[in-house]
Amino acid sequence: MPNSPLRAAFAVLLTLTALNVPAAHADEVTPVEVTVNARAALAKVPETGLGTNHAIWDTNLGTNETADLLKSAGMKLLRYPGGSYSDIYHWADHTAPGGYVAPNTDFDTFMGGVRRTGAQAMVTANYGTGTAEEAAAWVRQANITKKYGIKYWEIGNENYGNGHYGTAWEADDHADKSPNEYARHVVSYADAMKAVDPTIKIGAVLTTPANWPDAIVGTGDDGSWNKVVLSAAGSKIDFVIVHWYPGALDKSGHIPDLIQLTREQIAKYAGPGSERIGIAMTEFNTGSSSNGTNTQPGALAAADAYASLLAGGVFTVDWWNVHNGIGAVTEVEGHTDYGDFGLLSSGVCTSDGTVCEPPLNTPFAPYYALQMMSKFARPGDQFIRAATDQPKVTAHATRRTNGDLSVLLINTSSDTSYPVALDYEGFKPAAGAPTVLTHTNGATSIATSTTGTPTAQTLPPLSLTTLVLRPSSAPAGRPGAPGQPKATEVTHNSAKITWPAAAPGARPIAKYELHRQNGAVTEQLGETSGTTFTVGNLNPGTRYTVNVIARDTGGALSWSSPPLTFTTGTPATSSCSVKLTIQTDWASGYVGAIDITNNGAPINGWTLAFAWPRTWQSLGSGWSAAWTQTGPDVKAVSETGNGSLPTGSTATIGFVGNYTGPNVLPSVFTLNGSVCTLQ
């Protein structure tokens, strides 16, 4: 992340100018179909969901004006002391050897701003040049002496950037810079800090899926950074830390896999009880190198990413940074983009003085995106599925605690006003115009109106629009929501789902329905009068997300249970088996070896087939077979020398797989049409 107020992490490579083409009239454009499904529940909005970073080199860190602006934006978590500065910062004397410490940025000043904002704090303890004793003393000062009640404590910041993988930007005085050494210290830090205050939550640094150096195995290591850290320190931590600067505005589609792969690593390596471990994205910025850092396209991408991350269960997303400073200056969609990663202007100029930012604390467009998020998704609300049939328009939705629905619509088109037709499943909106909140390109506030209908709206170009909808009726006495489902006995085509019973309402509960999420559409998989259901006819190697809904004897439906996501495997026995081994991985590609074992009758000539799970994956090259790719489908056909596979024999082939997003490995392989057991 950027570490000084005048540095940006990405150079702006392309200048965009405003289009002079007038916006198309709504009646000339096919209406966008928007589906909002109140039966397909996702994660609840956490108290700490909307966050941002402060930095000790920012003189305005603790001013009342800054705090009041952050409060107005709905910020609920503020992080300190600021990115890589965390690993050189010593709280007791407020120094950062090798860095700049601005006046009026000490810990107590920061906490004054936190309280004025109405937020919680997250503190990053110094791993790079500090000690466990220093961190424990900070906990004592904060929570025992000062009674600040700080719950969340990170151990270091981006410590994989200490040179162990060849690139160094993070301070680290330890002679051993391996992930094992970091994990060993996480354990000692956690023990020392929790001895002072057992109620605090400790976070450990992970690499983000498909972001360097994720999946790379360093010299002498037993695995990747994440594997080593989770295996050694998983029992001592309460959350993991990831950072994400996607560098483009169209990466929100990566988020479900980014979250899922992180959860799978936690479950695989962190040991018993790992489900307690949360995910915090303590640094996020769109980091766009071509489409604008602090203008409207970046704001739209920010809102989309925040909504997607929080809907996936990340408990805080923290913007980098409150103030950051001017970078490469361009024109984007008719407005000056200062290349500034801040939410608020630093009021500074380029080094040659030719371009100056707006006055100090002027909000940039992403500020309004986060402010819109605070109005759209409030703590305690629950995200639900929403989708559109137009790539230029994105939809998110939440069910509010009072039964209302809010729908966030994002139009990324530069020149088209899109009419939208909204359809609701599991919710009937009240008649009349809903409350509509809108932020458009260049606007300096969010406009509020009462316009359109619950099923028809028009979205201006480059806009954020939130609809707040009341239900047509609010029948009393509905049953409560079933509890968190769990999956056991998962096979290639079935899974046993269990859940805590729902509390009955005015009438007894008659049955429970199990619904699968398929985009914004739900498919009922079955129903039962009990709290266990074994669902069959599932597809091998497929990720499923399901909810449980209770129905009472009068037909009234409960709200959905929390979501459950599980993945089916491959057949326990088959005429063939496949073992995929990753021999080396460089965070954008890997060398894979596939062992193919024939468990059936002798074969003379074979074809191994699989499909890439994601569009951002592709075949680079292959050997020991004739490799081809058509769309997502890959085939490896035997060669003259290895086409004969007697019963029990094995052939080994290899390939290079490329990826530009989270690398979900192929898990379903067929040999001459038969699904193989994946070893």
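These exercises work through a predicted model of one protein.

Residues are numbered from 1 along each chain as its sequence is written. In this predicted model, local features need pLDDT of at least 70 and side-chain atom pairs count only at pLDDT 80 or more, while totals for chains, interfaces and linings use all residues; side-chain values use heavy atoms, with hydrogens and water left out.

**Exercise 1. The overall fold**

Task: Count the helices and strands, then judge how compact the protein is.

Solution: 
- Step 1. The protein has eight helices and 38 strands. Both are DSSP runs, numbered from the N terminus: helices are H or I with at least four residues, strands are E with at least two.
- Step 2. The radius of gyration is 26 Å, close to the 26 Å of the globule rule for 679 residues, so the protein is as compact as a globular protein of that length. The radius is taken over C-alpha atoms, and the rule is 2.2 Å times the number of residues to the power 0.38.
- Step 3. Along the principal axes, the C-alpha atoms fill a box of roughly 75 × 65 × 55 Å.
- Step 4. Of the 679 residues, 54% count as buried. Buried means under 20% relative accessible area, exposed over 50%, and partly exposed in between (1.4 Å probe, protein chains only).
- Step 5. Take contacts between residues at least 6 apart in sequence: 72% of them join residues at least 24 apart. A contact means heavy atoms within 4.5 Å.

**Exercise 2. The disulfides**

Solution: 
- Step 1. A disulfide is a pair of cysteine sulfur atoms within 2.5 Å.
- Step 2. Cys349 pairs with Cys356, with 1.9 Å between their sulfur atoms.
- Step 3. Cys349 is partly exposed at 34% relative accessible area, and Cys356 is partly exposed at 38%.
- Step 4. Cys576 pairs with Cys676, their sulfur atoms 2.1 Å apart.
- Step 5. Cys576 lies in strand 27 (residues 576–585), and Cys676 in the loop between strand 37 (674–675) and strand 38 (677–678), so the pair ties together parts that are 100 residues apart in sequence.
- Step 6. Both Cys576 and Cys676 are buried.
- Step 7. With the bonded cysteines numbered in sequence order, the pairing reads 1-2, 3-4.

**Exercise 3. Helix 2**

Task: Which residues of helix 2 are buried, and what do they pack against?

Solution: 
- Step 1. Helix 2 spans residues 107–117, and its buried residues are Phe107, Phe110, Met111, Gly113, Val114 and Thr117.
- Step 2. These residues cover an arc of only 155° around the axis, which puts them on the same side of helix 2. The arc is that of the directions from the helix axis to the C-beta atoms.
- Step 3. Recall the geometry. An α-helix has 3.6 residues a turn, so residues three or four places apart point the same way.
- Step 4. The buried residues pack against helix 1 (64–72), strand 3 (77–80), strand 4 (120–125) and helix 3 (132–145).
- Step 5. Look at the ends. Asp106 caps the N-terminal end, with a side-chain oxygen 3.1 Å from the backbone nitrogen of Asp108. This is a polar contact: a pair of N or O atoms within 3.5 Å, where, within protein, one must be able to donate a hydrogen and the other to accept it, and residues adjacent in sequence count only if both atoms are side-chain atoms. Gly118 follows the helix with a positive phi, near 80°.
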